[in-house]
Every structure is written in C-alpha cells, then in structure tokens.
Amino acid sequence: MTDTHRASPLLALATLACASLALAAAPALAAAPEHVPFAPRAGNPAATDRVIVKLRAAATDRAFVQSAGSASEAAAQARAAERMDALETRTGVPMRALRAITPELHVLRLDAARDAADAARAMAALRADAAVEYVEPDLRMFPHQQLPNDPRFAAQWYLQGVTSTPNGPTTSAVNAVGAWALTQGSRGVVVAVIDTGVRFDHPDLGRAIDGGKLLPGFDFVSAESNGGTLNANDGDGWDADASDPGDWVSSTDRQTAFFADCETGDSSWHGTRVAGIVGAATNNSTGIAGLGWNTWVLPVRALGKCGGFTSDIATAMRWAAGLPVSGVPTNPYPARVLNLSLGGEGSCSFTYSSAIDEIRARGSVVIVSAGNDGSTVDQPANCPGATAVAAVRHVGSKVGFSNLGPGVAIAAPGGNCVNIGPGDPCLFSIDTTTNLGRTGPGANDYTDQVNANFGTSFSAPIVSGVAALMLAVNGNLTPVQVVDRLRATARPFPAVGEIDPTTNQPIPQCRVPAGSGDTQLQCNCTTQTCGAGLADAALAVGSALRPIAAVQA
C-alpha cells in the first residue's frame with residue numbers, strides 16, 4: 001500500500017504524545033469501529049513466456065560438480081543444453097533457455113507464447129515428454145505487507161511481556177525480554193532475509209565489516225525474458241550487491257507490458273523493515289531493538305519492482321542455505337534460518353517444495369508469512385516443511401488481513417490499529433527500520449504509530465528471530481526440533497473474544513476457509529486456523545536448552 005503519512009521524527013513523536021493523552025482521557029474511542037487495512041486477493045499474474053522445467057536425472061549428469069569454472073561443470077552445462085535442444089526438437093515447442101538452476105532444473109522462455117492459452121498448450125506438450133519430471137509457470141510472488149513506518153524500544157510492545165493497556169492487554173507480545181535473560185543471540189547463527197534487499201547505510205543495521213549487522217548477501221533478481229532490467233531496477237541482473245534501489249511503481253511504469261498488472265505505489269523498503277525486526281543493532285542507544293542482539297542478518301534480494309519470480313526466489317533460498325548455484329560463488333555464511341515475508345496465491349509448486357526439502361536436509365529452518373488477504377495460506381508458506389506464520393492482534397485474536405487455516409504453524413503479532421479511523425495513529429504498529437524515500441533511497445528512519453507497519457510480513461521475522469535465539473543456545477537442534485519446540489511452547493489463544501463495537505456482539509470464531517474466495521476479517525483463533533498458539537520467545541528458548549536425547553548402542 002502507498003504510505004500517505006510522511007511526518008518528521010519530531011512531528012511523529014509529538015503526534016504520539018497527543019494521541020496517548022487523548023486515549024487516556026477519552027475511553028469513548030473504544031466504541032468506534034477498528035480500521036482494518038484489508039488487501040483482497042489479486043491473483044498471481046503469470047509471465048506467459050516463462051516456465052520452470054525439471055528434467056529427469058540422466059546417468060551422464062550424476063558426475064556434475066558445482067564448483068565455478070570446473071571442467072565437470074562446463075561439461076554438465078553443455079550436456080544440459082543438449083538435452084534442452086533435444087526437448088525442443090521432440091516437442092516442437094519453440095523455447096530459449098534463460099538459466100539453469102541445476103543441471104536438471106531450467107528456466108525457459110516460450111518464444112511462441114502470446115497469451116495464457118499458448119503457454120498452457122506449450123506446457124502440456126513439455127509435460128508429455130518422457131524426459132520431463134515437471135513443468136510449471138514461473139509465477140511472481142509479492143511482499144506480504146500492509147503499510148510502512150517509527151518509535152523505539154518503549155513502543156515495541158510486541159517484544160515485551162504481556163501488559164495491560166487502556167485498549168486491552170498485549171496478550172500476543174512474545175516476551176523477547178524474557179528470552180534475552182537466557183541469550184541475546186549468537187554471531188554463529190545467520191538469518192537470511194529473502195526480500196527486496198536492504199539499505200546497508202541504515203544506522204541501526206549497517207555492514208558487518210563496519211561493526212553492523214548485515215552480511216554481504218547477494219542479488220538474485222534476474223533480467224527479464226527480453227534481457228531488460230525493469231524488475232531489477234538496478235541496471236543489471238544477478239550480482240553481489242543486495243542493496244535495495246527501491247521498488248516503486250508509477251503510473252508511467254504501468255503503461256509498459258511488464259508492469260501492466262502491478263499496483264502503483266511508493267518504494268516499500270520491505271527488506272529493510274524485515275531485517276530490522278530480526279536483528280537491528282540493540283543496546284546501542286540508537287533506534288529500535290532487534291530480536292537477536294548478536295544475530296547476523298544475510299540480505300538476499302529476490303524481489304524487485306512488482307515482486308519477483310519463483311525461479312529467482314527458489315534460487316535465493318538455495319544459495320542462502322549454502323546449496324550450490326551455477327555460476328555464483330557458494331555462500332560463505334550459510335543461514336540456519338530463512339525468512340520469506342512474501343508469497344502468492346496457489347498450492348505449493350514443485351520448485352518451492354524441492355528447494356525446501358534440500359534446505360531442511362542441510363539443517364536450515366524455513367519460516368514464511370501466511371499472506372494478507374484473509375483467506376487460505378499462500379505459497380510457499382503452504383509447502384511441506386515450511387513454517388507458516390499467521391498474524392494476530394495485540395489481544396490475540398486474528399488480525400483482519402491475516403490468512404489462516406490448517407497450514408499455519410504458529411501465530412505472532414502482525415500489527416493493528418485499535419478502534420480508530422483511517423489516518424489516526426495505529427497504537428499497535430510493528431515498529432522497525434525503514435527508509436523515507438518515495439522512489440529511490442532517502443533518509444533512513446523508523447516506522448511508528450503514524451506511519452504504521454503491519455502485515456504477516458512482520459509476524460514471520462518475529463518467529464525467525466525467536467528461532468535464531470533457540471539455535472544460539474542449542475545449535476544441534478534440527479529444523480523439525482526447532483519448529484516442534486516453538487509450537488509446543490506457544491501460549492494458548494484467548495478463549496473469550498472481544499465485543500465487536502459495530503454489532504455489540506462477540507467476534508466470531510475463525511473457521512477453516514473453504515477456498516481462496518472464502519475471506520474472514522477479525523475472528524477468534526483456534527489451533528485449526530492460526531497454528532499451535534501464540535509464539536513465546538522466553539518459553540521457546542527455555543525449551544531449546546533441553547538436551548537432545550541420544551540412544552547409545
């Protein structure tokens with residue numbers, strides 16, 4: 001969404017002070033309806049000329065060695081090109097190889113695909129070939145967000161313990177303060193933020209080499225099918241610079257075919273906001289606190305203007321976990337936790353599923369936001385092995401925008417505005433690092449109650465930060481054990497819901513969505529709709545300290 005509030009820090013603080021006094025003096029505000037910025041489903045705009053093809057493994061390719069520049073890699077790539085040429089000849093589908101993710105996994109351009117029907121016919125012909133394991137469209141995924149923007153630790157209610165406020169108890173706060181009594185994180189644990197990139201110059205982030213929190217990372221936003229870089233917005237494709245150049249979309253942009261289905265809006269600085277929640281510099285007399293005082297953040301750019309492609313995202317995931325990627329140096333800082341605050345409609349793709357399987361086999365946890373249209377869980381959050389995170393309000397009920405259903409693993413605060421109208425301060429924003437540039441980078445700053453920040457995009461990194469704290473005290477935990485202990489220590493959802501001020505009736509209990517068109521706004525969570533319960537950092541870290549049972553022969 002476009003950020004319509006641009007207050008200076010001084011003005012924001014003054015507004016907050018006035019809002020606090022007004023709330024304390026005027027309990028009648030509780031009778032007003034809650035403002036819920038709800039984003040309806042827009043579908044996944046597919047690039048009709050891009051597909052992902054997985055070939056069945058050939059015996060001649062099993063000797064492939066993924067070391068850049070090696071003779072074996074060159075031979076395997078040549079063999080892969082031969083197989084793709086043969087596939088084109090057999091099927092009669094005109095196509096061009098854009099990139100090989102692995103010797104079997106390829107991103108292709110369908111040269112004759114003019115529309116969705118052409119693409120469907122081409123994919124059907126490819127699927128029918130005996131050498132093909134699967135074919136699927138290279139869909140765009142988008143950041144899960146609702147708005148952008150500022151206070152500091154005192155305003156970071158979501159990191160503190162449960163307290164009473166004039167607007168209800170902060171039931172969903174994760175008690176990071178209690179966890180910090182056990183650990184403040186470890187520099188041996190890396191969390192990858194797979195997103196829009198970051199602003200390395202933010203004073204509460206900064207480069208690790210200069211004493212900051214951000215590792216070098218990588219940019220996996222590729223060039224488009226025609227070789228252009230509109231999506232990347234940085235003049236090139238893959239490179240070693242994970243900086244976020246901005247992801248604004250203007251009305252002029254929408255006049256081009258690539259952006260025709262995109263929403264106009266200012267730059268989100270989405271990756272910078274997510275990174276701040278995971279690991280902003282803490283106890284440094286500046287800005288906000290991150291979940292992990294000592295946790296390294298690895299920025300991996302996979303989203304550009306108007307989102308990013310499945311192939312780029314899956315490649316970024318693999319690289320972040322330390323898996324080899326053709327033509328790219330192996331990541332020297334493999335992440336134990338991967339945070340993906342992104343997604344799109346649809347069931348889990350083979351590409352995501354296989355990537356997650358390999359990543360978890362290497363010992364990394366994959367944590368994904370559930371989505372923001374109040375319906376079924378998006379992909380890749382709905383993939384087997386992914387830990388889907390739903391968003392709850394300060395009092396523990398489902399926030400209106402959050403997706404829900406049996407695929408959700410756990411819930412965490414996602415930010416909400418309490419009983420106020422559009423444009424009024426959001427008393428329970430998820431405050432974090434950001435940038436104020438409307439297009440390209442501007443001044444670095446923080447989100448706040450006036451320039452608010454909420455969405456499942458920000459409940460996911462809360463859980464990622466907790467997982468990193470767990471691994472800091474027990475690096476031997478497997479991905480399954482991390483998630484099992486997160487879920488086992490989750491606090492129960494509140495049994496009794498609030499009264500809806502517009503109807504004077506209790507809010508309804510959440511139900512399992514019947515399909516993607518079945519949307520729900522605010523409702524009382526159950527374990528079938530919002531996961532095992534409310535994430536609790538202190539209990540989860542305490543559980544991680546328990547030894548892992550070993551059987552001696």
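Modeller: A disulfide here is a pair of cysteine sulfur atoms within 2.5 Å. This is a predicted model: local features need pLDDT of at least 70, side-chain atom pairs count only at pLDDT 80 or more, and totals for chains, interfaces and linings use all residues. Residues are numbered from 1 along each chain as its sequence is written, and side-chain values use heavy atoms, without hydrogens and water.

Colleague: How many disulfides does the structure hold, and what is the pairing in sequence order?

Modeller: The structure holds five disulfides. Number the bonded cysteines in sequence order, and the pairing reads 1-2, 3-4, 5-6, 7-8, 9-10.

Colleague: Is Cys348 buried, partly exposed or exposed?

Modeller: Cys348 is joined to Cys383, S to S 2.1 Å. Buried means under 20% relative accessible area, exposed over 50%, partly exposed in between (1.4 Å probe, protein chains only). Cys383, at 4%, is buried. Cys348 has 22% relative accessibility, so the residue is partly exposed.

Colleague: What is the handedness of the disulfide of Cys417 and Cys426?

Modeller: The S to S distance of Cys417 and Cys426 is 1.9 Å. Cys417 is buried at 1%, and Cys426 is buried at 5%. The torsion about their S-S bond is about 55°, so the disulfide is right-handed.

Colleague: Which cysteine does Cys510 join?

Modeller: Cys510 is buried, at 5% relative accessibility. The S to S distance in its disulfide is 2.0 Å. With 95° about the S-S bond, the link is right-handed. The partner, buried at 1%, is Cys523.
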